[in-house]
Amino acid sequence: MTRKPRWVWLLSVCALAAGLSLFAAGCGGGGGSKSGNSSSTSSSGEGGTASQNQGKTFASFRVTWDAPDYFDPGLSYTVTGWQIIQHVYLGLLGYKETAGPGGATVIPALAQSLPTVSADGKDYKFTLRPNLKFSDGTPVKASDFKASIERLYKVDSPGVGFFDQIVGADTFSKTKKGGISGLVVDDNARTVEIKLATPRGDFLNILGIPFAAILPAGTPPSDQSTKGLPATGPYMQQSYKPNRSFVFVRNPNYTEIPGIPKGNPDKLLGTIVSEDTAALQTVLNGKSDYDFRTIPTDRLAEVQSKFKDQLHLYTPANTYYFAMNTRTPPFDKLEARQAVNYAIDRAAIVRLFGGLGVTTQNFLPPTYPQYKKIDTYTHDLAKAKQLVKQSGTAGMKITVWGLNEAPSQPTVEYLADVLNKIGWKATPKLLAHDVYFTTIGNQATKAQIMYTDWYQDYPHPLDWIDVLLNGNRITETHNNNVGNAKFAAADQLIEKLKKEPELTDPINNQWATLDHDYVVKYSAVAPYLNIEGTDFFSKDIDAGCYYNHVLFQFDWTAICKKS
Amino acid sequence: MAVFLARRLVGAVIVLAIVSIVVFVIFVLIPNGDPASRIAGRTANPDSVARVRHDFGFDRPVYVQYAKMMKQIFTANLISYTNRTNVVDQIKQGIPATFSLVIGAALIWLFFGVLVGVIAAVSAGRWSDRAITILALVGISLPVFWLGLVVRFIFAEGHPFNWFPDSGYVGLTDNPLQWLYHLLMPWWVLAILFIGFYGRVMRSNILDSINEDYVRTARAKGLPPRRVLVKHVVRNSMIPVLTLFGLDFGATIGGGAIITEFVFQLNGVGQYAADSISRLDLPPIMGVSLFGAFFIVLFSVLVDLAYAFLDPRIRPT
Amino acid sequence: MADTQTTEFTLDTASVLASEEGGAEIVGRSPWALAWRRLRRNYVALAFLVLFVLILISCALAPVYAHHVAHTGPNTNHVADTFTKNGKEIDVLKAGGITKGANGETILVPAGAPVGPQWFSAGGKYVLGADLNGRDVAVRLLYGGINSLKIGIGSAIISIVFAVILALLAGYFGGWADWLITRVFDVIWAFPVFLLAIALGTALQVGGLQLGFTTLQGNSLWIPTMIIGIVLIPYVARPVRGQILSLREKEFIEASIAQGASTFRVMTSEILPNIASTLLVLFTLIVANNILFETGLSFLGAGVRDPEPSWGNIIQQGATRLATAPTLALIPGIAIVLTVLSLNIFGDGLRDALDPRAKVKI
């Protein structure tokens with residue numbers, strides 16, 4: 001299939017375990033990243049904010065989009081959906097609409113201010129802004145919040161894991177009756193009180209994502225993507241035909257909330273195109289103003305030479321890596337894992353990604369302050385071969401797991417060929433996206449080595465090392481630590497760093513050590529590339545208004561047309 | 001006649017039921033990923049997977065699940081496992097594109113297939129006949145997906161000739177001109193194979209019927225050859241071609257256009273089928289299989305009926 | 001056959017040829033010898049037979065010679081390698097990537113475009129260019145040909161063998177056997193075949209197939225072979241059954257039965273030889289058809305799985321590089337067309353030669 005879904009999974013903000021109350025609001029700001037998050041081949045368009053571009057309204061912004069999973073905020077779990085609905089369905093909190101690491105700052109949205117949090121970090125008190133209305137004119141009540149969270153459980157939302165720490169959520173998830181006792185709301189006083197069973201440092205971040213959006217209490221407990229729901233944000237859904245089109249228009253009942261501008265386009269007209277080449281063509285022939293999909297590598301050179309000013313590159317924090325299963329031979333042997341790290345030619349893999357990437361040996365992405373460049377593994381087949389020999393596993397059969405779509409497919413085939421060259425007998429096994437991660441995340445599969453990647457939820461090393469490499473978090477199914485990395489010393493350090501409220505320089509150094517240990521000392525993973533994204537606009541669009549948000553990527557509400 | 005019809009209809013229902021059972025069995029028996037964990041998402045914990053399994057009834061006996069799925073199809077409540085979109089709605093929305101593609105292509109292949117066949121038969125044995133025969137065989141030998149890619153690469157916008165839109169579908173009611181413009185390439189790509197095939201069938205039918213008694217009689221009556229050809233030979237040779245046409249038309253709507261739709265991104269039922277299969281998403285696969293089987297069966301019944309009317313020698317009982 | 005009246009509609013070429021032979025000569029010759037006589041004069045069919053045999057041989061012998069010419073195997077990646085042409089080093093895949101400029105701006109050099117056909121200017125390397133992994137397309141084309149032909153021929157054998165058995169049972173016994181078998185065919189017939197095949201192909205790739213005695217891996221060539229073979233059985237069985245039905249009415253069969261020949265004997269020594277020529281023609285045409293079917297499946301990712309090459313999956317890869325490396329998709333397509341066309345033209349000629357009056361259609 002030439003279809004190449006851009007499912008950028010925003011995962012596991014829930015990753016953070018208990019005991020981090022002070023970290024909460026700071027996890028975004030704590031990033032303090034050295035370089036900007038958005039870069040571009042054109043000179044302009046960096047570091048804009050939504051508020052700077054306000055008031056440049058225009059009639060309609062025509063976009064070519066990938067098929068979203070859902071537009072229902074209770075179900076959507078991809079950037080494809082979130083990038084749009086974060087401007088439609090607001091929660092108590094939101095994220096600052098700005099470029100760079102500042103975008104990870106949590107701001108009050110429908111809540112009047114950031115909450116008061118009890119000393120033990122288990123009790124959050126919010127007050128709603130006065131006179132809030134849904135787009136259909138009904139008032140927003142505190143009880144709507146409670147109903148919205150309860151609805152997540154009723155619709156079997158993939159986001160329920162974010163709210164499991166709320167008192168009574170566990171019982172409610174089983175019975176679906178009687179309400180969640182840890183959510184206390186008062187419609188008259190407009191107050192919401194959330195009681196957590198165990199403190200959860202990232203809870204404010206969670207309240208800022210679309211899963212926590214406030215919907216009317218009576219919203220049916222089933223997917224409402226096609227119907228659209230009463231909105232609280234600057235835009236509302238007018239129509240959505242799955243796999244075809246969608247229209248979002250201004251919400252007439254939206255009164256501006258500080259930090260959440262009204263937005264420039266009066267209308268967002270979306271066409272859903274499931275092929276990169278066709279999507280690009282819609283912009284080139286003037287039928288669309290923006291191509292959400294990645295420019296196909298086949299056309300990249302042409303687009304870059306002819307339409308340089310319309311092309312923007314951005315760096316979502318991500319790492320592409322091969323995970324090696326430390327529980328199954330041959331990768332239970334350190335030498336075998338090191339062999340892989342030496343054997344892969346990272347610069348070669350960049351070619352398989354069409355050039356849209358930068359080589360890396362670090363597990364953490366380069367925009368992080370914890371990032372200290374690792375430069376241990378120079379491509380050396382002879383050395384790799386010798387390590388395989390040393391490990392005593394030469395000649396062993398290996399299945400290399402991957403996705404059956406680009407860029408995974410050529411990368412996995414390349415890896416299999418490399419493993420064959422250094423003394424193993426490798427065959428690739430390529431699966432469809434929808435079954436891949438649950439297959440490799442299942443211990444019964446006993447996957448030996450696999451293709452995987454990670455995109456940040458917010459800039460914090462815990463979101464990477466704790467979620468993906470902590471040996472205490474290995475599970476039987478839905479395992480995110482797909483390589484079953486379990487190294488006592490490292491696990492201890494993770495648990496210790498988890499409790500650290502602030503990312504000071506010494507703490508960051510310890511994170512950097514962990515990053516180094518996992519890649520060099522344990523060689524548990526073989527990171528090879530940080531991918532680069534593309535945003536492509538028609539020539540009518542003013543690049544000066546472009547900015548790319550750390551979480552929600554390109555902010556279409558801030559875009560403006562050339563005058 | 002009524003008995004015949006009733007029998008065919010009962011048969012059709014049974015066939016559709018078996019088709020649905022076979023599709024269901026394929027996807028239940030062959031290990032291809034647990035739908036519950038797929039719905040629960042990549043980061044789900046065992047609890048939430050168990051919850052989904054219960055809520056969606058994956059923990060019920062297989063026959064109960066099957067019955068539930070059938071009920072959902074007929075009440076238009078069947079939803080996809082990957083994005084919970086309504087399968088029946090999605091198929092309905094794909095119908096205009098699929099029908100536009102197939103009907104247009106069918107008219108092209110019928111007209112040109114017959115034309116080519118007549119020309120070849122009239123000039124049988126001459127070089128033009130040989131050329132046509134070879135060309136028809138070339139048409140039959142072209143892989144549709146490749147032809148589609150090549151045609152797109154040569155004639156679509158952004159490519160050497162820049163004549164047609166690259167892909168996509170525009171509704172007939174939205175903009176008739178754009179509809180035509182978007183479909184010209186897919187029509188021909190889909191029709192080419194059938195033109196070659198129909199041309200050959202038509203040619204051999206004509207050559208066969210030339211020796212039939214009624215043609216000799218007509219000729220003996222002194223009718224001008226052209227008239228004999230058109231009135232007797234071609235007309236009678238058309239009957240088997242029309243039969244074939246009915247069956248092919250049903251089969252093409254019922255899944256034969258998957259590749260064409262896929263290559264040209266027409267977003268019809270066929271592309272929905274291809275996308276769903278690549279996701280191993282059972283509910284839409286069930287939906288499109290039944291949709292396809294329905295049209296195949298429908299047209300085979302229609303063809304039988306038409307045959308009964310056209311050819312009184314065949315009296316179905 | 002003697003009816004050679006000349007009208008403005010001449011008869012079928014083959015029957016004209018047949019009649020030219022004259023009645024006297026036909027006497028005393030076996031039908032096969034007669035067919036060969038007719039086929040020998042059909043130069044076009046013979047030429048395409050030769051073409052097919054050439055394709056078959058060059059693919060089948062690829063393991064013997066390809067490595068000596070191209071100096072690489074079908075699955076060997078050359079992602080970052082170079083080769084020498086006229087003393088110049090050339091990247092197999094275009095190099096590039098992202099770097100930071102002096103002012104911190106991002107500089108992108110698009111990469112990965114595979115090198116095009118070198119013909120024989122690079123010492124036998126990359127005669128037809130490279131694919132996305134830097135593999136030699138010419139070598140993959142030959143090995144892919146082996147796979148495509150294996151599946152095409154293998155599935156045709158499956159279809160024919162099962163179809164003949166079922167058609168013999170149905171056509172000869174009639175009654176309930178016929179009823180049951182034709183009903184089963186009706187069901188398969190009602191299936192959208194291509195849809196069924198890609199659904200089966202995709203599903204089986206995930207978990208493989210557990211048969212009682214063996215397990216087929218998801219990437220086994222047997223999976224597409226069996227899928228194609230089985231879904232096409234009714235398409236073969238229907239014409240064969242028709243022929244058996246008409247044969248049953250013939251005097252020589254009745255005579256044979258009257259002489260007390262067993263059913264099995266009647267089937268094997270009377271009926272089978274009489275449908276052999278039909279089967280031979282069907283076989284050629286079905287192989288052609290199944291190669292198209294297989295490449296279509298592989299194109300959609302439901303047939304032969306990378307890194308095993310097939311003409312279909314090479315085109316699938318090429319489709320993503322049409323603008324920068326058009327030959328990657330074009331060349332395997334031409335291979336398919338030539339192979340399928342040669343089989344179709346030969347099959348056509350064979351049909352005319354074996355039985356100028358037959359109306360075998362698939």
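Analyst: We begin with strand pairing: two strands pair if DSSP finds at least two bridges between them. Strands (E, at least two residues) and helices (H or I, at least four) are DSSP runs, numbered from the N terminus. This is a predicted model, in which local features need pLDDT of at least 70 and side-chain atom pairs count only at pLDDT 80 or more, while totals for chains, interfaces and linings use all residues. Residues are numbered from 1 along each chain as its sequence is written, and chains are lettered from A and ligands numbered from 1 in the order in which they are written.

User: Which residue stands opposite T452(A) in β17(A)?

Analyst: Strands of a sheet pair through backbone hydrogen bonds, either parallel or antiparallel. Here, β13 (residues 318–324) of chain A is joined to β17(A) by 7 bridges, and the two run antiparallel. Y321(A) is the residue opposite T452(A). On β15(A), which runs parallel to β17(A) and is joined to it by 2 bridges, W401(A) stands opposite M450(A).

User: Is β17 of chain A mostly covered or mostly open, and how many of its residues are buried?

Analyst: A residue is buried if 20 or more other C-beta atoms lie within 10 Å of its own, exposed if 12 or fewer, and partly exposed in between, with C-beta atoms placed from the backbone. Strand β17 (residues 449–455) of chain A is mostly covered, with 5 of its 7 residues buried.

User: What is the order of the strands in the open sheet of chain A?

Analyst: The sheet has 6 strands in the order β14-β18-β13-β17-β15-β16, with mixed pairing. β14 and β16 of chain A stand at the edges with a single partner strand each, so one side of each has no neighbour in the sheet. From one strand to the next, the twist averages 30°.

User: At what angle do α6 and α8 of chain B cross?

Analyst: Axes are lines fitted to C-alpha atoms, for helices over the stretch in contact, and angles run from 0 to 180 degrees between N-to-C directions. The axes of α6 (residues 127–140) and α8 (residues 176–210) of chain B come within 7 Å and cross at roughly 140°. That makes α6(B) oblique to α8(B), since angles under 35 degrees count as roughly parallel, over 145 as roughly antiparallel, 65 to 115 as roughly perpendicular and the rest as oblique.

User: Which helices of chains B and C pack together, and which residues make the contact?

Analyst: Two residues are in contact if their C-beta atoms, placed from the backbone, lie within 7 Å. Helix α7 (residues 144–155) of chain B packs with helix α14 (residues 327–354) of chain C at an angle of about 140°, their axes 10 Å apart. W146(B), L149(B) and V150(B) of α7(B) meet A329(C), L330(C), G333(C) and I336(C) of α14(C).

User: How many residues does each chain give to the contact of chain A with chain C?

Analyst: Chain A gives 38 residues and chain C gives 31 residues. On the side of chain A, α7(A) gives the most, with 7 residues.
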